[in-house]
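Here's a quick tour of a protein chain for anyone just getting started. Have the structure open while you read, and click on each part as it comes up.

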Amino acid sequence: MKIINQIKLEFPSLSANEGFARSAAACFAAQLDPTLEEIGDIKTAVSEAVTNCIVHAYPDTIGKIVLRMKLCEGGLLEINVRDWGCGIGDLEQAMQPMYTTGGEERSGMGFTIMESFMDTLKVRSDRGKGTNVSMKRYIKQRKQLR
């Protein structure tokens, strides 16, 4: 599928950058003329992915997070969130609703939320090497992209 536009943002795993990532994703996705509900879904999915990096990938240190987004023909938004943290030991277990390693204050619903708000979700993780979250969302075309 032909790429129309793309960005790459790199930032430290500081909690303040979660809001920045949400806003950047919303601004970038706005090129597709999404509804407010679609923008909300995109912001929430990005927020969950970035928060997972901050809380779980780098629990005792500050590390690097990379957010990549692509706009493709046909109204496809591709989002990729990558960290180089501790990785996920048991990915299948981590993908289960209500499972968390983040303590009682965490809901364990991050992957479930991402999956429900996006059309596709793929997660790859290697223990000690980090995690890569890829999400796709189709936005119904109401105007021609240039």
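Before we look at how two helices cross, here's what an axis is: a line fitted to C-alpha atoms, for helices over the stretch in contact, with angles running from 0 to 180 degrees between N-to-C directions. Keep in mind that this is a predicted model. The chain is built from 4 helices and 5 strands, and along the sequence they come in the order β-α-α-β-β-α-α-β-β.

**The chain as a whole**

- Out of the 146 residues in the chain, 42% are buried.
- Take the contacts between residues at least 6 apart in sequence: 66% of them join residues at least 24 apart.

**How H1 and H2 pack**

- Two packed helices are described by the angle between their axes and the distance between the axes.
- For H1 and H2, the axes come within 8 Å and cross at roughly 145°.
- As for handedness, this crossing of H1 and H2 is right-handed.
- Which residues of H1 meet H2? They are Glu18, Ala21, Arg22, Ala25, Ala26 and Ala29.
- On the H2 side, the residues that meet H1 include Ile39, Ile42, Val46, Val50 and Ile54.
- Sort the residues of this H1–H2 contact by type and you get 9 nonpolar, 3 polar and 3 charged.

- Asp33 sits in the loop between helix H1 (16–29) and H2.
- Most residues other than glycine have a negative phi.
- Asp33 has a phi near 60°, a positive value in a residue that isn't glycine.
- Is Asp33 buried, partly exposed or exposed? With a relative accessible area of 29%, Asp33 is partly exposed, because that label covers values between the 20% and 50% cut-offs.

**The nonpolar core**

- The largest nonpolar core has 32 residues, and Ile79 and Met135 touch the most other members.
- Several elements give two or more residues to this core: H1, H2, strand E2 (64–72), strand E3 (76–83), helix H4 (110–117), strand E4 (120–126) and E5.
- Which element gives the largest share of this core? That would be H2, with 9 residues.
- Setting aside neighbours within four places in sequence, Ile79 is in contact with a list of residues that includes Ile42, Val46, Leu67, Met69, Met118, Val133 and Met135.

**A salt bridge**

- How many salt bridges are there? The count comes to 1.
- The side chains that meet in a salt bridge belong to Asp41 and Arg137, at 3.1 Å from N to O.
- Asp41 is part of helix H2 and Arg137 is part of strand E5 (residues 130–138), so this pair ties together parts that lie 96 residues apart in sequence.
- Asp41 and Arg137 are both buried.

**Asn52, in helix H2**

- You'll find Asn52 in helix H2 (residues 36–57).
- Asn52 counts as buried because its relative accessibility is 18%, and the cut-off for buried is under 20%.
- Not counting residues up to four places away in sequence, Asn52 touches Ala57, Phe111 and Met114.

- Gly75 is in the loop between E2 and E3, where it is buried with a relative accessible area of 0%.
- Leaving out residues up to four places away in sequence, Gly75 touches Leu32, Arg137, Tyr138, Ile139 and Gln141.
- Gly75 and Leu32 are 43 residues apart in sequence, yet their C-alpha atoms are 6.4 Å apart in space.
- Gly89 belongs to the loop between E3 and helix H3 (91–94).
- Is Gly89 buried or exposed? Gly89 is exposed, with a relative accessible area of 60%.
- The C-alpha atoms of Gly89 and Gly128 are separated by 9.0 Å, and these two residues are 39 residues apart along the chain.

**Ser116, in helix H4**

- Ser116 has its place in helix H4.
- At a relative accessible area of 51%, Ser116 is exposed, because exposed means over 50%.

Key:
Residues are numbered from 1 along each chain as its sequence is written. This is a predicted model: local features need pLDDT of at least 70, side-chain atom pairs count only at pLDDT 80 or more; totals for chains, interfaces and linings use all residues. Side-chain values use heavy atoms; hydrogens and water are left out. Buried means under 20% relative accessible area, exposed over 50%, partly exposed in between (1.4 Å probe, protein chains only). Contact means heavy atoms within 4.5 Å. A crossing is left-handed if the near helix is turned anticlockwise from the far one by less than a right angle, and right-handed if clockwise. Ala, Val, Leu, Ile, Met, Phe, Trp, Tyr, Cys and Pro count as nonpolar, Asp, Glu, Lys and Arg as charged, and the others, Gly among them, as polar. A salt bridge is a side-chain nitrogen of Lys or Arg within 4 Å of a carboxyl oxygen of Asp or Glu. A nonpolar core is a set of buried Ala, Val, Leu, Ile, Met, Phe, Trp, Tyr and Cys residues joined through side-chain atoms within 4.5 Å.
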